[in-house]
Amino acid sequence: QVQLVESGGGLVQPGGSLRLSCAASGFTFSIYTMAWYRQAPGKQRELVATITSGGSPNYVDSVKGRFTISRDNSKKTVYLQMNSLKPEDTAVYYCKGSQWQYEYWGQGTQVTVSS
């Protein structure tokens, strides 16, 4: 069966760093576009970053220059390196894989940025 399992979330102080990982199984990872979304309490889920099957990244303006998305096809894993974290980055972060009509989601991992 298809699985996407996130890890690496936690509590960090403003200005700190965190690296999220998403391990995939049950589908052909290498041909899927991967993405990270986040959802803060009382807000809509928003797209944070995407990376194509060829490794081309894109970011929402609010994280540009601070976050880096990457993938390792041999490990079937996508990463989100988060630097210079701000309180407004606090949210549940979700991993998604998509290819044509197929779309798979992870369970989410909590990131809290607070002093």
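## Disulfide

The link of C22 and C95 is left-handed, with -85 degrees about the S-S bond. This is a predicted model. The two sulfur atoms sit 2.2 Å apart. A search of the whole structure finds one disulfide.

C22 belongs to strand β3 and C95 to strand β9, so the pair ties together parts that are 73 residues apart in sequence. Is C22 buried or exposed? C22 is buried, and C95 is buried as well.

## Nonpolar core

The largest nonpolar core holds 27 residues. Those with the most contacts inside it are M34, W36, F67, V78, L80, M82 and Y93. Two or more residues come from each of β3 (18-25), β4 (33-39), β5 (46-51), β7, β8, β9 (91-99) and β11 (109-113). β3 gives the largest share, four residues. In soluble globular proteins, nonpolar side chains tend to be buried together.

## K76

K76 lies in the loop between β7 (67-72) and β8 (77-82). K76 is partly exposed, with a relative accessible area of 39%.

Which residues does K76 contact, leaving aside its neighbours within four places in sequence? They are C22, A23, A24 and F29. K76 and C22 are 54 residues apart in sequence, and their C-alpha atoms are 8.4 Å apart in space.

Key: Residues numbered from 1 in each chain as written. Predicted model: local features only at pLDDT ≥ 70, side-chain atom pairs only at ≥ 80, totals over all residues. Heavy atoms only, no water. Buried < 20%, exposed > 50% of the residue type's maximum accessible area, 1.4 Å probe, protein only. Contact = heavy atoms within 4.5 Å. Core = buried A, V, L, I, M, F, W, Y, C linked by side-chain atoms within 4.5 Å. Disulfide = S-S within 2.5 Å.
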